[in-house]
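Have the model open while you read.

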Amino acid sequence: MRSKVKDLLLLANEMFNEDMYTMAVHNASLALYTFLEILHLEIYGAIPVTRRLKSLIITLAPTRNIEVSLKKYVDENSEFFEKLELAYRMSLASELFSKEEATSILKFVNKTIRFLSEIENLIRKSLQ
């Protein structure tokens, strides 16, 4: 399943390179949603009902100190999460994101996946 996340990120980058910025952001948002659902499934054996990125991230936390770290990350990057959720819901027919916005959002998705991969190790340790 994690290979699907990589495939979506590669597709997002290809679309970006073809000046299809909104579609690139949409695919990046799908990659992040998929990655979060994989983490929930692997760690807890279930996927939460919510489709809110912020909730999907915070509900990963089994302990208070990890929850604080995740909430801080979400709060600091709230604008990016809102744009990703918008991209997930919107019609791909309209051009919503500029090249600059798409660049920053794609970088943010990659940064978030790296951050959550590091947090994943802390979560697994705290559950043992």
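1. On burial, I call a residue buried under 20% relative accessible area, exposed over 50% and partly exposed in between (1.4 Å probe, protein chains only). Phe108 is buried, at 3%, and Tyr73 counts as buried too, at 7%.

2. Some housekeeping: this is a predicted model, so to speak of local features we need pLDDT of at least 70, and side-chain atom pairs count only at pLDDT 80 or more, while totals for chains, interfaces and linings use all residues. Numbering starts from 1 along each chain as its sequence is written, and side-chain values use heavy atoms, with hydrogens and water left out.

3. Rings of Phe, Tyr and Trp (its six-membered ring) pair if their centres lie within 6.5 Å; planes under 30 degrees apart are stacked, over 60 edge-to-face, the rest tilted. That rule gives six aromatic pairs. Tyr73 and Phe108 are stacked because their planes sit at 15°, with centres 6.2 Å apart. This pair joins helix α4 (residues 64–76) to helix α6 (residues 99–127), across 35 residues; helices are DSSP runs (H or I, at least four residues), numbered from the N terminus.

4. Tyr73 also stacks with Phe115, at 4.1 Å centre to centre and 10° between the planes. Here α4 and α6 are linked again, with the partners 42 residues apart. Ring pairs tie Tyr73, Phe80, Phe81, Phe108 and Phe115 into a cluster.

5. Which residues of α2 meet α5? Val25, His26, Ser29, Leu30, Leu32 and Tyr33 do, against Phe81, Leu84, Glu85, Ala87 and Tyr88 in α5 (contact means heavy atoms within 4.5 Å).

Note on methods
Helices (H or I, at least four residues) and strands (E, at least two) are DSSP runs, numbered from the N terminus.
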